[in-house]
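Here are a few friendly notes to read alongside the model. Please keep the viewer open as you go through them.

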Amino acid sequence: MEQAEKKTSSISVRNLVEFILRSGDLDNRRLSGAQKDAMLAGGRIHRKIQKRMGAGYQAEVFLRHQESEPEEGLTLLVEGRADGIFEEDGQWYIDEIKGMYADVARFSEPFPLHLAQAMCYGYFYCCDHELEQIGIQLTYCSLETEEIKRFRSQHTRAELCQWFQGVIGEYFKWARYQYRHREARDQSIRGLEFPFPYRAGQRDLVVSVYRAISRKKRLFIQAPTGIGKTLSAIFPAVKAVGEEKGDKIFYLTAKTVTRTVAEEAFRILRSLGLTFTSVTITAKEKLCFLEKPECNPDACPYAKGHFDRVNGAVFEMLRNEQEITREKILEYAKRHRVCPFEFCLDISNWTDGIICDYNYVFDPNVRLKRYFAEGNKGEYLFLVDEAHNLVPRAREMYSASLWKEDFLKIRRLIKGRSPALEQGLLKCNRLLLQMKREQEGWKLLEDVTPLAAAVMGVFSEMERFLEEEPEFADRDLVLDFYFCLRDFLYVYERLDGHYRIYGEASGTDSYLVRLFCVNPAKNLSECMDQGASTILFSATLLPIRYYKTLLSGQEEDYAVYANSPFPEEKRLLMVAEDVSSRYTRRNASEYRKVAEYIRAMTGARQGNYMVFFPSYQYMEQVEACFDEEPLEADLLIQGQGMGEEERQEFLREFEKERPRSLAAFCVMGGVFSEGIDLKEERLIGVAVVGTGLPMVCTEQEVLKGYFEETEQAGFDFAYQYPGMNKVLQAAGRVIRTMEDEGVILLLDDRFLRREYLDLFPREWERFLRVNRGNVGQCLKDFWEEREKATACP
């Protein structure tokens, strides 16, 4: 890239004014977050207003302005789209349109940041067309009633120039930092080498990631645990950033433990000379200095004056730190007296990498609007770790539910405070009651337009109520319901063929209406399209067609299957032919068979073992089998609803020296079936009871019906594939590093069917078919061979 191009940076009008002109307190009581969501949902209103303005009205006009800075010779491009430009009585106007879930008639003046955006566009238009004066119009429209309120002001070009120079002058300090940092970063990347000798298949993985990023494609990677997926994704992504093929890396995870692995990967590369800033975004609840987050100046001293101090805190952090962890965030936030969570988000604007949960890119309620609002795009590289988890998470993100009983509950809480809101809540309850009477159990619904219209009325009235009543008993419950209504309206606007709507009655009073996103591919794909490339990787992305269908919807997306680097002789895979966990065969005889297999596995060699069961009830039945003839091993039982400390105590049991084996009983798909790393002697065997099929319930049956209709594979998509993923995850606990060795015992004869064998990963191609008569000898032979191999390397 030419030096002049390197000295040019760009920023959107919205980001510029929000960053430089913000001031005062952080206060979530103003519902500004909801207003932003309303603005995002207001595209339909924008188009409607623009069309009404007539043929002379220019809609969505792209404007760009360039300013230079003498110290470094930097050039800054500020750009954005004006909602409208029109001429009236010889006067040109910039029109900024904002759709709001609010009573716009009550607005007495425009929001300062909205006005600032319009003033930027006004100045740019004056410069481009040599105008000495221009009008600014702020158009606010209620998304519920479509009522419009406008504010107009006149500004000279000289006045706008002076104002804009003040804004841009403050920003150039940040532009200089960014330029100098990127120069140092790119220089460090040029000589960066992969930090370790490549394992078998790892170099091909690195090349595949780099190629996909270079071609701005998506890539699905099926790779066994231990091949080094994290570093194999991060290293080529960093190299691509240094070659201007990407601007920022988002490392997306589902669990805290994988975030730690990503931090370590960046740390390793920095130890080799890499200059690269990264921030780990932690949930607000885990960052807040208060016991319970209350983001307003009355409850939190860090919220008072937050915006007056936060930019200084960010600048100090960037000058001093490259690895910005939770601990660093808390240290600097306390020193500068700013909200640590909002501080963390602001830091992310300037870092090269962001390590965070899926939510911050994909969830419409949580996603980082500073990057993704209003369809904004960037040269972002999305690295999606443990991508199999994104399917259920995304379904939840893009679905929404309403419960009939909640409307009556909220009506009781606000009784006597707002007659209009009470009436709206009562209307919604009546509609839901009518729907409930028309069905028994659950039922697919064709349309919920009358309900959505009534909910929109309640939502608007509730926003007015919450603005007028900033403090009252149970406000938190009312606010939670408010956000529930917001989610419902957002999802309702997105309903298409990837959704199913159903109602479900339970008991005498309870009734649920759910907008269920059965296939989240379209929603996820829209998010991925806001970046340059997406790499999705996991040890369990099988079958790949299933994950392509649900995560991108694009059959042409690249896919790579990385072979396992582990010596096959270090692992024994066995499939039992004489036991089954299917519901029709759940009886004392089958439980005793499972107990016999556990006894054989734990008795073949002293060590730590895990046994994964299909449910707590099944686990208890097998545990009871050892009452008469105790197991010659220490039993460790996963409890229901274990807290963080209880989970850590459970895992610490695997560190202890003990005179006999440890058998840890766990539930498949639970907290211990993935995301834990018990290496070498800490775990030498896993038994998996059953095929992991989800419980039959309304949602699974809705999924089954949908995919039977669209893919002719309803049972596969709703039950078999998700179940097999849980099996693979549980079995994957035993082999974690090149030094590991161990046994995997699959306890269900259904694994011997062709439809299940086809789902086995390549490294499971060879297995032993066992029964209770020969399993003990198979285990004995394997461990004897391992002892010989260890004795004679």
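1. First, the ground rules. This is a predicted model, in which local features need pLDDT of at least 70 and side-chain atom pairs count only at pLDDT 80 or more, while totals for chains, interfaces and linings use all residues. Residues are numbered from 1 along each chain as its sequence is written, and side-chain values use heavy atoms, with hydrogens and water left out.

2. Do have a look at T351, in the loop between α13 (340-348) and β11 (353-357); helices (H or I, at least four residues) and strands (E, at least two) are DSSP runs, numbered from the N terminus. T351 has a relative accessible area of 3%, so it is buried (under 20% relative accessible area, 1.4 Å probe, protein chains only).

3. Next, the rings. The structure holds 54 aromatic pairs, counting rings of Phe, Tyr and Trp (its six-membered ring) whose centres lie within 6.5 Å; planes under 30 degrees apart are stacked, over 60 edge-to-face, and the rest tilted. Y371 and Y380 make an edge-to-face pair, at 5.7 Å centre to centre and 80° between the planes, and both residues are buried.

4. Why is the pair of F760 and W764 edge-to-face? Their planes stand at 90°, with the ring centres 5.1 Å apart, so the pair falls in that class. F760 and W764 are both buried. Elsewhere, ring pairs join F19, Y171, W174, Y177, F315 and W350 into a cluster.

5. Two arginines are worth a click. A charge sits over a ring if NZ of Lys or CZ of Arg is within 6 Å of the ring centre and within 35 degrees of the ring normal. R337 lies over the face of Y302, 5.3 Å from the ring centre, and the charged end of R762 sits over the ring of Y561, 3.9 Å from its centre.

6. Finally, the cavities: sets of points on a 1 Å grid over the protein atoms alone where a 1.4 Å probe fits but cannot get out. The whole structure has four of 30 Å³ or more. The largest cavity has a volume of about 240 Å³, a volume being the space filled by probe spheres set on the points. Its lining (residues with an atom within 4 Å of a point) counts 19 residues, with T225, L728, G732, E763 and W764 nearest its centre. Helix α27 (residues 714-731) gives the most to that lining, with three residues.

Methods:
Buried < 20%, exposed > 50% of the residue type's maximum accessible area, 1.4 Å probe, protein only. 1 Å grid on protein atoms, 1.4 Å probe; cavity = no way out; pocket = protein on both sides within 12 Å on 5 of 7 lines; lining within 4 Å.
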